[in-house]
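Please consult the sequence and structure shown below while reading.

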Amino acid sequence: MTTLLGIETSCDETSAAVVQDGRTILSLVIASQADFHARYGGVFPEMASRMHIEAIHPVITQALEQAHGSLDEIDVIAVTRGPGLAGSLVVGMNAAKGLALGRGLPLIGVSHLEGHLYSLWLVEGAEQTQFPVMCLIVSGGHTELVLMTDHLHYRRLGGTIDDAAGEAFDKVGRMLGLPYPGGPYIEKAAREGNPAAFAFPRAWLEGAHDFSFSGLKTAVLRELKRQAPDSHPGEAAPPPNTPIADLAASFQAAAVEVLAVKTVAAARVHGATAIFMAGGVSANKALRAEMEKRAGDLPVRFPPLILCADNAAMIAAAGHWRFLAGHRDSLAMDVKPNWKLT
Ligand code: KG4
Ligand code: ZN
């Protein structure tokens, strides 16, 4: 039995978790800064870093307490090395190094993207996974289509050529006058709207496993301007008669259709046994339903809501598999803000 302490500080969540064998979560603590950054309409990097410094020790202490243990029970420290905000990553990295040095524990730097994928291994039934698996990572910073051929082995097939899916949700949310981050608010507004009200464009990018969301975002902007030529979408709230629910539903329908159709097509071409979705946008119920509808008899798996967003349990889970594979990092390891999965 191996017990890992995972630490995640890549963006605006300070998180620590104690996870056994990459499978059982003994504790998970997430201190989110989202309410603070909401007033700026996005993450304010310098403040994110400062807030991680304030939160990191209480969060780690709480995670150990909730697991009814102490550092004495920890065998390995796993920490997010990148990608993410440099000033945020170093806070988690320095805390991890301090603990590893003080306790003489092995230290493992984990890719945040690999962490999102391993959130699927914290779910019942994960042991039965047969490779290859088609993975769609959809978050605020990433939209990546990756074929996982074995544990820790990935082939990147494509990704967004402009905005990440979550970024598009957040930008459109802002245009519609919804709070930050827009994703969950768009999903909520869309429930009351008609997804066929506006025929927004779908960027199919035939022949490539890539995605594009900037044209869709611009189409929503154009529609808002058409309805109210004197409005300033994104800067001022839309006029009271704006059909927010229909716009949200039509935008969401276009975004999730492209994500689902292209992921299922790639899964079939590459003989995947299942589709795995991870990252903040994989919390979206319309995306989950569309993916399942398009996949037919191909199983679709996604993490429970708490594990869709950034969290340290997924970092500990990925760290576990790296630990099993013999991976160890030195105390000289530095953060990699632009680290690619492959
Ligand atoms: O994985 P995550 O917490 O952080 C990153 O690594 O980026 O993802 C955050 C993103 C945000 O863009 C947020 O709007 C989006 O995930 N998101 C959603 C939903 N919940 C979160 N997007 C659409 N529908 C949702 N229900
Ligand atoms: Zn993330």
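Which residues lie nearest the centre of the largest pocket? In this predicted model, they are Ser 139, Gly 140, Asp 170, Tyr 180 and Pro 181, out of a lining of 47 residues. The space in this pocket amounts to about 1500 Å³.

**Lining of the largest pocket**
- Domain 1 (3-120 + 307-324) and domain 2 (130-302) each contribute at least three residues to the lining.
- At least two lining residues come from each of strand 3 (24-32), helix 1 (34-38), helix 4 (112-118), helix 5 (165-175), helix 6 (182-190) and helix 10 (305-308).
- Helix 5 provides the largest share, with 6 residues.
- By class, the lining comprises 21 nonpolar, 16 polar and 10 charged residues.

**Second largest pocket**
- This pocket holds about 190 Å³ of space.
- Its lining has 14 residues, and Leu 113, His 142, Glu 144, Trp 339 and Lys 340 are those nearest its centre.
- The lining consists of 5 nonpolar, 6 polar and 3 charged residues.

**Nonpolar cores**
- The largest nonpolar core has 45 residues, among which Met 134, Phe 200, Phe 251, Ile 275 and Met 291 touch the most other members.
- Elements supplying at least two residues each to this core include strand 6 (133-138), strand 7 (143-150), helix 7 (214-227), helix 8 (244-269) and helix 9 (285-295).
- Helix 8 gives the largest share of this core, 13 residues.
- Beyond its neighbours within four places in sequence, Ile 275 has contacts that include Met 134, Val 264, Met 291 and Leu 298.
- A second, separate core contains 34 residues, including Leu 117, Val 146, Ala 278 and Ala 316.

How values were computed. Residues numbered from 1 in each chain as written. Chains lettered and ligands numbered in written order. Predicted model: local features only at pLDDT ≥ 70, side-chain atom pairs only at ≥ 80, totals over all residues. Heavy atoms only, no water. 1 Å grid on protein atoms, 1.4 Å probe; cavity = no way out; pocket = protein on both sides within 12 Å on 5 of 7 lines; lining within 4 Å. Points joined across faces, edges and corners; volume = space filled by probe spheres on them. Helix = DSSP H or I, 4+ residues; strand = E, 2+ residues; numbered from the N terminus. Nonpolar A, V, L, I, M, F, W, Y, C, P; charged D, E, K, R; others polar. Domains from an automatic or database assignment. Core = buried A, V, L, I, M, F, W, Y, C linked by side-chain atoms within 4.5 Å. Buried < 20%, exposed > 50% of the residue type's maximum accessible area, 1.4 Å probe, protein only. Contact = heavy atoms within 4.5 Å.
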